[in-house]
Amino acid sequence: MHFFVTGHTGFKGAWLVLLLRHRGHTVSGLALDPLPDALFERAAVAGELANDFRTDVRDSAAVKSAIAESSPDVVIHMAAQPLVRESLREPRLTVETNLLGTLSVLEAVTATPSVRAHVVVTTDKVYRDVGQANGYPEDAPLGGNDPYSASKAMVELLTHAWVDSFSPCPTATARAGNVIGGGDISRDRLLPDLLAGLSAGRTPLIRYPDAIRPWQHVLDAVSGYVLLAEALLDGSHAGGAWNFGPDPHGFATVRAVADEVVSLWGGGASWRTDTESHPRESHVLTLDAGKAREQLGWAPRLDLLTAIGWTVEWQRRCTVEPSAGVTREQVARFDA
Ligand SMILES: NC(=O)c1ccc[n+]([C@@H]2O[C@H](COP(=O)([O-])OP(=O)(O)OC[C@H]3O[C@@H](n4cnc5c(N)ncnc54)[C@H](O)[C@@H]3O)[C@@H](O)[C@H]2O)c1
């Protein structure tokens with residue numbers, strides 16, 4: 001099977017490409033160049049690709065020709081500006097990348113007859129923030145209190161309107177939780193901030209330690225996208241929206257995750273609360289993944305402590321072993 005992945009040079013993208021390759025699929029990608037020290041480079045992902053397009057997803061003609069040239073069976077669209085705080089600094093870039101980028105991909109998929117399944121990746125942040133502690137189900141109202149969250153809620157509306165208007169190939173949206181795993185270098189995310197500080201011998205500063213998030217390992221999230229694509233391909237499911245979140249015990253505070261990370265790091269490591277004032281973030285964010293569990297048979301394979309353990313292990317081992325081997329070994333272990 002040939003998968004076309006947008007955002008393949010990013011954190012989730014690199015893991016998704018390696019998982020698909022481990023399962024014997026052909027993969028093409030479209031994204032911007034990776035950031036310095038990105039997992040994509042460290043894990044030598046480029047060598048796995050049939051096509052590697054470095055194209056701005058807002059360039060609809062270029063996206064159309066890249067997808068047509070690759071002639072894939074499946075498209076998984078993840079390219080995005082994915083950070084809340086960056087969206088407050090760069091709201092126009094965020095909305096253009098996320099919304100118009102999705103429009104480019106929808107147009108390209110509709111124009112490419114080989115594509116038989118399309119998964120559009122959004123986020124747990126698409127829901128209207130009402131502090132629901134037991135998980136937002138897929139039919140909870142959309143919302144978004146910042147440009148990133150609103151842009152992804154708009155992506156949901158656009159994608160489902162596109163399906164209703166143009167009857168393209170089976171198309172679904174996928175909403176995952178706060179994803180953790182080795183090799184994430186994004187600013188303003190908990191694990192990258194913690195591990196960068198600990199690796200540099202500093203005491204990391206943490207914002208909003210009492211905020212609750214649905215934590216999950218990146219391989220659990222991307223394997224959910226693949227399972228969804230397979231269900232669209234074999235016709236067992238027609239589309240709609242799907243949550244891929246952790247079991248409720250994966251809903252945990254930032255504090256609990258940070259405590260576990262420093263305890264695994266050892267050597268008396270600790271973290272401190274950042275007392276500066278920061279833009280508001282939702283206090284409670286959780287996902288109900290019952291639909292994917294019941295209808296797709298999807299379930300997270302790694303519980304929260306294991307997911308944190310694999311992430312710290314990746315960081316530790318990659319200081320003494322090549323990251324390419326460590327990353328592939330974790331992919332193989334996940335699928336064993
Ligand atoms: N990491 C998480 O916790 C999380 C949680 C929920 C949803 N998501 C979603 O998952 C997807 C992947 O996130 P990630 O964590 O891997 O992010 P990332 O920042 O590591 O990767 C983003 C990818 O998008 C590409 N990209 C950005 N702007 C582009 C543009 N203009 N044209 C082409 N490509 C562009 C980048 O080159 C990169 O490949 C995003 O859609 C994000 O919103 C992530």
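Select Arg-21 first. This residue of the predicted model is partly exposed, with a relative accessible area of 32%. Arg-21 belongs to helix 1 (residues 11–22), while Glu-48 sits in the loop between helix 2 (39–42) and strand 3 (51–54), so the pair ties together parts that are 27 residues apart in sequence.

Is Arg-328 buried or partly exposed? Arg-328 is partly exposed, at 28% relative accessible area.

Next, pick Arg-317 and Glu-321. Their side chains meet in a salt bridge of 3.0 Å, N to O. Glu-321 counts as partly exposed, with 32% relative accessibility.

Across the model, the count comes to 25 salt bridges. Side chains of opposite charge can pair when their charged atoms come close.

Move on to helix 7, residues 190–199. How many of its 10 residues are buried? The count is 7, so helix 7 is largely enclosed by the rest of the structure. Color the buried ones: Leu-190, Leu-191, Pro-192, Leu-194, Leu-195, Gly-197 and Leu-198. Then show what covers them. The cover includes strand 7 (178–180), strand 8 (205–206) and strand 9 (212–217). Helix 9 (254–265) and helix 11 (304–317) are also part of the cover. Just after helix 7, stop at Gly-201, which takes a positive phi of about 75°.

Finally, zoom out to the whole chain. Color by secondary structure and you will find 12 helices and 12 strands. The radius of gyration is 19 Å, close to the 20 Å that the globule rule gives for 336 residues, so the chain is as compact as a globular protein of that length. The C-alpha atoms fill a box of roughly 60 × 45 × 40 Å along the principal axes. Buried residues make up 55% of the chain's 336. Last, color by charge. The mean positions of the 30 positive and 40 negative charges are 2 Å apart.

Conventions. Residues are numbered from 1 along each chain as its sequence is written. This is a predicted model: local features need pLDDT of at least 70, side-chain atom pairs count only at pLDDT 80 or more; totals for chains, interfaces and linings use all residues. Side-chain values use heavy atoms; hydrogens and water are left out. A salt bridge is a side-chain nitrogen of Lys or Arg within 4 Å of a carboxyl oxygen of Asp or Glu. Helices (H or I, at least four residues) and strands (E, at least two) are DSSP runs, numbered from the N terminus. Buried means under 20% relative accessible area, exposed over 50%, partly exposed in between (1.4 Å probe, protein chains only). Contact means heavy atoms within 4.5 Å. The radius of gyration is taken over C-alpha atoms; the globule rule is 2.2 Å times the number of residues to the power 0.38. Lys and Arg count as positive and Asp and Glu as negative; His and the chain ends are not counted. The place of a charge is taken as NZ of Lys, CZ of Arg, CG of Asp or CD of Glu.
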